[in-house]
Amino acid sequence: MAVHKVLGIETEFGILHRNEGDSNPVAASSMIINSYVNGYLERRVGWDFEDEHPGVDARGFNEFDALAPEIETHLVNAVLTNGARYYVDHAHPELATPECTDAFQCTIYDRAAEEILIRSMDKANQLLPDGEELVIHKNNSDGKGNSYGCHENYLVDRNVPFGRIVLQIMPFFISRQIYCGAGKVGSEAAGLTHDEVPFQITQRADFFEEEVGLETTLKRPIINTRDEPHADSKRYRRLHVIVGDANMSELQTYLKLGTTAIVLAMIDDDMAPSDCAFEAPVRALRDVSYDIDLEGSYRLANGTTATALEVQWVYYAAAEQWADRHGFDVVGGEQVGTDLMKRWASVLTALEDNPDSLADSIDWIAKRRLYEGFRARHDIEWSDPRMAALDLQYHDLRPDKGLARRIGLVRISNDAEVEAAISQPPPTTRAFFRGRCLEKYPDQIVAANWDSMVFDVGSDPLRRVPMLEPLRGTAAHVASLLDECDDAGELLRRLGT
Amino acid sequence: MAEREQKRRPTPRTEEPEVVEAGPNETGQELKAELDDLLDEIDEVLETNAEEFVKNYVQKGGQ
């Protein structure tokens with residue numbers, strides 16, 4: 001039986017300090033986060049780095065030339081009452097959602113992350129001199145060869161051989177681009193011109209050079225092997241997925257998280273397709289992204305050929321069989337599971353029959369419609385700077401400037417759900433314990449991270465509460481206990497730590 | 001993947017998937033009018049100095 005697909009999404013946002021001569025992105029990112037923390041939170045609680053091991057490799061070894069990401073402990077790092085982590089990563093503001101139990105819930109937290117960035121930008125800009133402005137984009141590329149990630153995380157069973165995960169998830173990642181892509185004008189891959197790739201399906205495909213590996217900043221691999229479960233490492237892995245785009249479309253975020261969770265559950269249960277491996281995965285990843293007519297056929301390792309749509313239908317059919325046998329419990333239950341399957345089939349059908357009908361729900365198709373219209377109206381080429389400007393502005397989070405919001409894309413969440421998710425944790429994971437403790441005992445918490453919290457309850461030494469099981473510490477477990485305890489000392493006594 | 005037939009679209013087991021249309025009663029004309037309105041709006045909000053904006057947009061140090 002598959003382990004529950006606890007999941008989360010972390011987004012590095014693009015940041016621009018306008019009309020400031022020597023713009024420093026680290027300082028600008030710090031200002032964004034500090035503005036939010038000082039403006040909205042009672043007290044800052046910092047991140048605890050005790051359990052961070054980003055250099056551990058899932059394959060059980062470290063390639064001697066593999067560069068593990070460094071942890072930058074000196075940068076701004078905060079934990080929010082909704083259970084999220086909000087921090088400066090390298091030179092970007094980054095927000096990691098709290099752990100969620102299904103794709104619908106996580107889509108709400110992803111939208112809440114956008115709202116948090118919008119409020120941060122608003123607060124920060126009130127502090128800047130007239131004429132200066134911080135601008136945040138939810139995108140993955142500056143159009144000049146620099147990329148920044150939107151990473152997904154999924155809990156998987158430690159007993160599943162990592163080689164099986166690699167074999168069975170790779171074709172899914174390559175083919176899911178057709179409904180996960182955020183779209184991009186031009187290409188940033190070496191040697192490709194605007195004439196060859198005027199517009200492509202994804203922001204990220206240009207930047208992937210390896211099939212499997214540990215890096216995240218150069219020679220990026222389709223399958224990232226970082227083995228840092230942030231949970232009981234004997235029972236779990238956390239699959240760290242770096243190959244996706246940040247989507248403005250909620251439907252895409254929902255489908256991306258939901259279909260990937262289903263496929264990973266199928267892999268746990270050994271019911272995923274194993275005969276779809278692409279002969280040349282890195283090449284196929286890019287070629288699928290460049291093929292906006294969805295006509296390309298790709299050689300598979302078994303000697304046959306298939307289109308990206310055909311590979312997706314194979315996964316869809318296998319998912320139906322898996323669900324018939326196992327149900328949807330591990331991806332959040334019957335309601336969200338059947339809804340995901342229905343929308344998955346609906347989007348694949350539309351991509352096959354009438355892709356333009358998805359102009360209100362799939363970023364790259366929405367962009368294509370808009371950009372073709374803009375080009376025709378102004379009689380300009382794809383290489384015109386206005387096209388690049390348009391492509392940045394689609395992702396602009398300023399409410400009066402952002403084009404994605406103006407299009408009126410199909411929503412998955414509603415405003416009330418998003419407003420609640422800005423400050424309240426999901427009730428169904430350990431994020432509930434983290435978030436509610438931060439809200440209730442901010443002065444008694446020294447630090448927090450994904451799998452523990454450190455309390456200072458006065459005379460005793462600091463007390464660390466481990467949270468190695470992502471599905472414990474939920475509202476069902478601790479809500480009434482937290483309601484009854486007026487201070488953290490009492491809470492720890494009653495928890496028996 | 002050996003048989004071509006296997007790659008055909010399977011019948012969704014719940015109900016016929018509803019293709020997400022832009023709107024139930026919209027004709028091509030209406031869609032075009034809607035796009036024109038959107039493009040009018042974009043002309044208003046697009047960065048005035050697009051070239052400068054794009055040139056200054058540099059994002060180093062990402063994952």
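# A right-handed crossing and its surroundings

The crossing of helices α3(A) and α5(A) is right-handed; a crossing has this hand if the near helix is turned clockwise from the far one by less than a right angle, and is left-handed if the turn is anticlockwise. The structure is a predicted model, in which local features need pLDDT of at least 70, side-chain atom pairs count only at pLDDT 80 or more, and totals for chains, interfaces and linings use all residues. Residues are numbered from 1 along each chain as its sequence is written, while chains are lettered from A and ligands numbered from 1 in the order in which they are written.

Helix α3 covers residues 162-180 of chain A and helix α5 covers residues 281-290; their axes come within 8 Å and cross at roughly 15°. Helices (H or I, at least four residues) and strands (E, at least two) are DSSP runs, numbered from the N terminus. Axes are lines fitted to C-alpha atoms, for helices over the stretch in contact, and angles run from 0 to 180 degrees between N-to-C directions. The angle makes α3(A) roughly parallel to α5(A), since angles under 35 degrees count as roughly parallel, over 145 as roughly antiparallel, 65 to 115 as roughly perpendicular and the rest as oblique.

# Contacts of helices α3 and α5

On the side of α3(A), the contact is made by M170(A), I174(A), S175(A), Q177(A) and I178(A). Their partners in α5(A) are P281(A), A284(A), L285(A), V288(A) and S289(A). Two residues are in contact if their C-beta atoms, placed from the backbone, lie within 7 Å. The residues of this contact comprise seven nonpolar, three polar and no charged. Here Ala, Val, Leu, Ile, Met, Phe, Trp, Tyr, Cys and Pro count as nonpolar, Asp, Glu, Lys and Arg as charged, and the others, Gly among them, as polar.

The buried residues of α5(A) are P281(A), A284(A), L285(A), R286(A), V288(A) and S289(A). A residue is buried if 20 or more other C-beta atoms lie within 10 Å of its own, exposed if 12 or fewer, and partly exposed in between, with C-beta atoms placed from the backbone. Among the elements of chain A against which the buried residues of α5(A) pack are α3, α6 and β11 (208-213).

# The contact of α3 with α6

Helix α3(A) also meets helix α6 (residues 308-326) of chain A, where the axes come within 8 Å and cross at roughly 115°. This crossing of α3(A) and α6(A) is left-handed. P171(A), F172(A), S175(A), R176(A) and I178(A) of α3(A) face A308(A), L309(A), V311(A), Q312(A) and Y315(A) of α6(A) in the contact. By class, the residues of this contact are seven nonpolar, two polar and one charged.

# Sheets of chain A

Two strands pair if DSSP finds at least two bridges between them. Strand β8 (residues 150-157) is joined to β13(A) by six bridges, and N153(A) stands opposite H240(A).

A further open sheet has four strands in the order β3-β16-β17-β18 of chain A, with mixed pairing. Within this sheet, β16 (residues 445-449) and β17 (residues 452-455) pair in the antiparallel sense over four bridges. A447(A) stands opposite V454(A) in β17(A). Helix α12(A) lies across β16 and β17 of chain A, running at about 155° to β16(A).

A431(A) belongs to helix α12 (residues 431-440) of chain A. With 27 C-beta neighbours inside 10 Å, A431(A) counts as buried. Apart from neighbours within four places in sequence, A431(A) is in contact with G83(A), P98(A), E99(A), P425(A) and P426(A).

# Where chain B touches chain A

Chain B has two helices and zero strands, and 13% of its 63 residues count as buried. In the interface, 34 residues of chain B are in contact with 60 residues of chain A. Helices α1 (28-45) and α2 (50-56) of chain B each supply at least two residues of the side that touches chain A. Of the elements of chain B, α1(B) gives the most to this side, with six residues. The residues of that side divide into 19 nonpolar, six polar and nine charged.
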